[in-house]
Amino acid sequence: RTILMDPFCISRSNAGDPRHKKLLELLPRYIAVVSKMARAFKTLHVKSHAAFERQLRHRNEKSFCPEPVHPYPSGHAVLAHEYLTTIGW
């Protein structure tokens, strides 16, 4: 069975790096495409970026990654949890 996962950026919108800010501005378009594809092909949809947004309310992004797209094991744990939740495990 096919499972689609959103792209993610582990950064807050008020991040000082302009590249992170630009990525966060573009990301909703990419997520919308994944969402549309998941509906069209009736696949499961892992909302990884939303999972990180929830975590960033309570923790600093450096808890999850050295930079926004390559997570530490703690970031992979967030992804794994969201994946397992999505598949209903």
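A search of the whole structure, which is a predicted model, finds two aromatic pairs. The close-up views below present these pairs and the helix that contributes to them.

**View 1. The tilted pair of Phe8 and Phe52.** The ring centres of Phe8 and Phe52 are 5.2 Å apart and the ring planes stand at 40°, so this pair is classed as tilted. Phe8 belongs to the loop between β1 and α1, whereas Phe52 belongs to helix α2; the pair therefore ties together parts that are 44 residues apart in sequence. Phe8 and Phe52 are both buried.

**View 2. The edge-to-face pair of Phe52 and Phe64.** Phe52 also pairs with Phe64, with 6.0 Å from centre to centre and 70° between the planes, an edge-to-face arrangement. Because Phe52 lies in helix α2 and Phe64 in the loop between α2 and α3, the pair ties together parts that are 12 residues apart in sequence. Phe52 has a relative accessibility of 0% and therefore counts as buried. Phe64, at 4% relative accessibility, counts as buried too.

**View 3. The cluster of three rings.** Phe8, Phe52 and Phe64 are linked into a cluster by ring pairs.

**View 4. The buried side of helix α2.** Helix α2 spans residues 48-56, and its buried residues are Ser48, His49, Ala51, Phe52 and Leu56. These residues cover an arc of only 155° around the axis, which means that they lie on the same side of α2. The buried residues of α2 pack against β1 (3-5), α1 (18-40), β2 (44-46) and α3 (73-87).

Note on methods:
Residues are numbered from 1 along each chain as its sequence is written. This is a predicted model: local features need pLDDT of at least 70, side-chain atom pairs count only at pLDDT 80 or more; totals for chains, interfaces and linings use all residues. Side-chain values use heavy atoms; hydrogens and water are left out. Buried means under 20% relative accessible area, exposed over 50%, partly exposed in between (1.4 Å probe, protein chains only). Helices (H or I, at least four residues) and strands (E, at least two) are DSSP runs, numbered from the N terminus. The arc is that of the directions from the helix axis to the C-beta atoms. Contact means heavy atoms within 4.5 Å. Rings of Phe, Tyr and Trp (its six-membered ring) pair if their centres lie within 6.5 Å; planes under 30 degrees apart count as stacked, over 60 as edge-to-face and the rest as tilted.
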